[in-house]
Amino acid sequence: MPVYHPPRIAASEITPREIYMSRRKFMGTAAAGLVVAGASSALAAPLAGSPSTFSTDETLTPKEAVTSYNNFYEFGTAKSDPAQNSGQFDPLPWSVKVDGLVGKPREFGMDELIKMPLEDRVYRLRCVEGWSMVIPWIGFPLAALLDQVEPLGSAKYVSFETIVRPEQMPGQTGFFQPLEWPYVEGLRLDEARHPLTILAVGLYGETLPNQNGAPIRLVVPWKYGFKSIKSIVKISLVEEQPQTTWKNSNAREYGFYSNVNPEVDHPRWSQATEQRIGEGGFFSVANRPTLKFNGYADEVASLYEGMDLKANF
Ligand code: MTE
């Protein structure tokens with residue numbers, strides 16, 4: 001991945017948590033029963049979930065940064081590309097096919113997915129490049145979706161696929177293709193079923209902006225950000241460990257597990273510290289200690305008991 005340059009965020013752009021939360025309460029009543037299916041696709045619609053005990057109370061990263069400093073290579077490799085180049089992307093109508101080793105394979109329309117039991121989940125997101133954010137997602141546990149298709153006993157992993165749509169995704173066209181498409185990711189079934197693992201359909205009280213993975217993306221907060229695959233069209237239950245885009249691109253640098261771990265460095269840089277975007281202004285440095293499993297060790301360390309995390313990076 002390219003070298004990290006922090007964005008400039010003015011202090012005035014930071015929404016104090018209390019103001020944001022009270023706004024959210026208002027939208028909770030205003031937006032109850034919202035159906036997104038007929039909404040104008042490129043425009044964000046209000047969306048609300050119920051509070052979750054999994055949320056961190058750390059200072060939120062300004063919405064301006066969350067929606068303008070992105071990795072979404074389908075729209076280009078620069079941090080500003082996804083916000084600048086995703087205006088033509090039309091996320092509706094949309095459906096997600098769930099198939100493979102399941103009793104009841106089927107396709108879920110976005111109108112159904114938006115009616116899943118939505119929760120507000122304020123999660124830390126740690127990018128493998130060394131920056132981090134605190135993002136107020138709106139989503140539902142992936143386990144709730146998996147339950148509906150009834151995974152078979154032979155299913156051991158879950159694989160995920162992003163849409164391929166070069167006519168609306170300029171990063172998928174042209175001479176230089178940085179990655180192979182579709183972008184693919186995978187989790188072990190127990191990781192996928194963990195209550196922290198969500199499918200997000202919104203952030204900051206609105207449906208997902210295109211640059212953040214509209215209309216539906218994965219969020220796995222204890223893993224490096226690249227596991228959180230965007231704009232998902234297919235989820236498959238499988239027996240063997242799935243292919244993953246960054247491991248396919250460079251297996252020496254990126255592994256299947258990709259758990260946030262300050263003790264296991266990237267071959268080209270340390271993972272011991274991080275820079276929280278929006279913190280400390282223009283001269284900020286990556287001096288915040290990175291926590292094992294991104295601070296979610298109490299919840300997820302047991303998933304990896306007895307595993308050598310250096311070998312399984
Ligand atoms: N999903 C797809 N399809 N394509 C991508 O390039 N980038 C990943 C991940 N999901 C990526 C993706 C990386 S490297 C990160 S850090 C996160 O998305 C960033 O999510 P955000 O832009 O919403 O913060």
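Which cavity does the ligand take up? The space taken by the ligand is the largest cavity. Here a cavity is a set of points, on a 1 Å grid over the protein atoms alone, where a 1.4 Å probe fits but cannot get out.

This is a predicted model, in which local features need pLDDT of at least 70, side-chain atom pairs count only at pLDDT 80 or more, and totals for chains, interfaces and linings use all residues. Residues are numbered from 1 along each chain as its sequence is written, and side-chain values use heavy atoms, without hydrogens and water.

Start with the shell. The ligand is surrounded by 17 residues, each with a heavy atom within 4 Å of it. Asn 70, Tyr 73, Glu 74, Ser 228 and Lys 230 are the closest. The shell holds 8 nonpolar, 6 polar and 3 charged residues; Asp, Glu, Lys and Arg count as charged, Ala, Val, Leu, Ile, Met, Phe, Trp, Tyr, Cys and Pro as nonpolar, and the others, Gly among them, as polar.

Next, the polar contacts (N or O pairs within 3.5 Å). Lys 230 places a polar side-chain atom 2.7 Å from a ligand oxygen. For Asn 70 the distance from a polar side-chain atom to a ligand oxygen is 2.8 Å. An N or O atom in the side chain of Arg 217 lies 3.0 Å from an oxygen of the ligand.

How values were computed:
A polar contact is a pair of N or O atoms within 3.5 Å; within protein, one must be able to donate a hydrogen and the other to accept it, and residues adjacent in sequence count only if both atoms are side-chain atoms. On a 1 Å grid over the protein atoms alone, a cavity is a set of points where a 1.4 Å probe fits but cannot get out, and a pocket is an open set with protein on both sides within 12 Å along at least five of seven lines; lining residues have an atom within 4 Å of a point. A molecule sits in a cavity or pocket if more than half of its atoms lie within 2 Å of its grid points.
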